[in-house]
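Biologist: Before we look, could you take me through how strand pairing and a nonpolar core are read from a model?

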Amino acid sequence: MNEHWWTPDSLSSGEGWHWRIGPLELWTFHLDGEWQLAHLRHDDEPEESTWSRQAIREMSEDLEAVERFAAGAEADQIQLQPRVADRSVVAKPRVPFHILPGQTAKVYVSTPLWIEVKVGRALRILIDIP
């Protein structure tokens, strides 16, 4: 398994991956001239930042929202790319936080992660998942 979930990978026709990245489940499946994708978000946030990936041999018939994308023969490579939100994100502390005059502080803010699914040697974006 690749060290990171965002490392590009090549898939032959008839191969796919079932990804679990935090609360997101993503299915990607490659066919001749086509990619099929489906995703599902779970409300329960995992306690740790985890990811896993399992090989699949077909898209599950239980998935409701499978999307299909036409792609040329050279589109055998897939990459998931993490990126920040494409809109403003407002962060508010649970309790008021004040910085005294003349003082400095480091403030760490987490932000939701978007995932771009890219395919082909040119890594063209198929879908952007918040």
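Biologist: In which sense do strand β2 and β5 pair, and over how many bridges?

Modeller: Remember first that this is a predicted model. Strands count as paired if at least two bridges are found between them; here β2, residues 15-21, pairs with β5 in the antiparallel sense over six bridges, and within that pairing W19 has R53 of β5 as its bridge partner.

Biologist: What is the strand order of the open sheet?

Modeller: The order is β5-β2-β3-β4-β6, five strands with antiparallel pairing. Because β5 (51-56) and β6 (67-70) each have a single partner strand, they stand at the edges, and one side of each is left without a neighbour in the sheet. From one strand to the next the twist averages 20°.

Biologist: How many bridges join β3 to β4, and how many join β4 to β6?

Modeller: The antiparallel strands β3 and β4 are joined by eight bridges, with H30 opposite W35 in β4, and they form a hairpin with two residues between them, where G33 in the turn has a positive phi of about 70°. Between β4 and β6, also antiparallel, there are four bridges, and L37 has E67 of β6 as its bridge partner.

Biologist: Which residues touch the most other members of the largest nonpolar core?

Modeller: A core joins buried nonpolar residues through side-chain atoms within 4.5 Å. In the largest one, of 20 residues, W19, W35, L37, L80 and V117 touch the most other members. Elements giving two or more residues to this core include β2, β3, β4 and β7. Apart from it lies another core of six residues, among them A38, I56, M59 and L63.

Definitions and conventions
Residues are numbered from 1 along each chain as its sequence is written. This is a predicted model: local features need pLDDT of at least 70, side-chain atom pairs count only at pLDDT 80 or more; totals for chains, interfaces and linings use all residues. Side-chain values use heavy atoms; hydrogens and water are left out. Axes are lines fitted to C-alpha atoms, for helices over the stretch in contact, and angles run from 0 to 180 degrees between N-to-C directions. Buried means under 20% relative accessible area, exposed over 50%, partly exposed in between (1.4 Å probe, protein chains only).
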